[in-house]
Amino acid sequence: MRVAFFSTKKYDQDFFEQCNTNNTHELNFFETALNKHTASLAQGFDAVCVFVNDELDQETIQILSENEVKLIALRCAGFNNVDLEAAESKNIKIVRVPAYSPEAVAEHAVALILTLNRKTHKAYNRVRENNFSLERLTGFNLSGKTVGVIGTGIIGIAFAKIMLGFGCKVIAYDIKPSDQLKERGVEYKALDALLSEADIISLHCPLNEQTHHLLDTKAFEKMKTGAMLINTGRGALIDTTAVVTALKNEKLGYLGIDVYEQESGLFFKDHSETVNQDDDFLRLLSFPNVLITGHQGFFTKEALEQIANVTLKNLTDFEEGNALENEVEV
Ligand code: NAD
């Protein structure tokens, strides 16, 4: 198939070309993101391959359809950036990579916890400056703490297992509880109970109408004072204004985020020579107890190989008329 890749980085091209054995598909890589302004680049291609911040709204999909694109292949798990009804109305199929090394994201969530807690990022800089003072580097033991997992799909399960290994008490909230976690002693709670009991809360549910701003002002009020919040899910699970307030009034003790509500246009690019106009983001950066990474939870060798292999198989299945194992259905 002729495939137009959008939002491509060098690492995408490297992994996809390496996995596209025998050049089964013709891969064309565009650096630009896909949106209504760039959709006409898809002219002459059978499929587009897109990532988390490409905008597949109704207008974009209309242009893709006019250019006879038949398939949207997401090289990620989340599909909140695609207007599913618009795609269905144009008979464009959507496939995704539902599972690619869930451990990659789960382990990154743990990295955020450990860094915020034990302040290794600050210690690294101090030692390089010959400063061996331990002042303000105090952490806390994870063992014995209560960890609340919101969303216990494949990533949430991998995360919960790691935290159980640390000796934490793990509680969870999900609309579909996992038997696997229940067997390991994880207790499912109502959302409000989880918020009020957890020392650390980690978000692993998808972003949809039900979960948009799941953590808003009211939710922060219910949390333990000094709690740690980790978000490797999607930015808009958290109301940014509310989280800034919770940090300012010291209700929230720590915030570790790999995703940000307004990350589109900001993340995945080098903006080091430009003035950042996002005041909320700059306010978040100003807190000493906030750690932000730029959507790198998925970014391991294992995950990139799996993303490439599953996406290429999705393309082959579509081309050969096979059942679409990883189809996103409306
Ligand atoms: P999954 O589909 O396996 O699990 C999602 C879980 O959330 C399911 O158990 C589901 O029942 C639950 N859920 C759905 N609606 C809910 C609600 N309203 N309240 C509570 N729980 C709800 O997905 P996954 O592979 O574990 O991924 C989870 C999310 O992580 C993805 O949707 C994606 O947004 C994000 N993600 C981030 C990165 C990254 O690099 N930071 C990488 C991959 C995925």
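**Aromatic pairs and nonpolar cores**

Trainee: Is F45 buried or exposed, and what is its relative accessible area?

Mentor: This is a predicted model, where local features need pLDDT of at least 70 and side-chain atom pairs pLDDT 80 or more, while totals for chains, interfaces and linings use all residues. Residues are numbered from 1 along each chain as its sequence is written, and side-chain values use heavy atoms, without hydrogens and water. Buried means under 20% relative accessible area, exposed over 50% and partly exposed in between (1.4 Å probe, protein chains only). F45 is buried, at 7%.

Trainee: How many aromatic pairs are there?

Mentor: Rings of Phe, Tyr and Trp (its six-membered ring) pair if their centres lie within 6.5 Å; planes under 30 degrees apart are stacked, over 60 edge-to-face, the rest tilted. This rule gives a count of 11.

Trainee: Which kind of pair do F30 and F45 make?

Mentor: F30 is partly exposed, at 22%. The ring centres of F30 and F45 are 6.1 Å apart with planes at 85°, so the pair is edge-to-face.

Trainee: How far apart in sequence are the parts that this pair ties together?

Mentor: F30 and F45 both lie in the loop between strand 2 (26-29) and strand 3 (47-50); strands are DSSP E runs of at least two residues, numbered from the N terminus. The pair therefore ties together parts whose separation is 15 residues.

Trainee: Which residues have the most contacts inside the largest nonpolar core?

Mentor: A nonpolar core joins buried Ala, Val, Leu, Ile, Met, Phe, Trp, Tyr and Cys residues through side-chain atoms within 4.5 Å. The largest has 49 residues, and those with the most contacts inside it are V48, L64 and I72.

Key: Helices (H or I, at least four residues) and strands (E, at least two) are DSSP runs, numbered from the N terminus.
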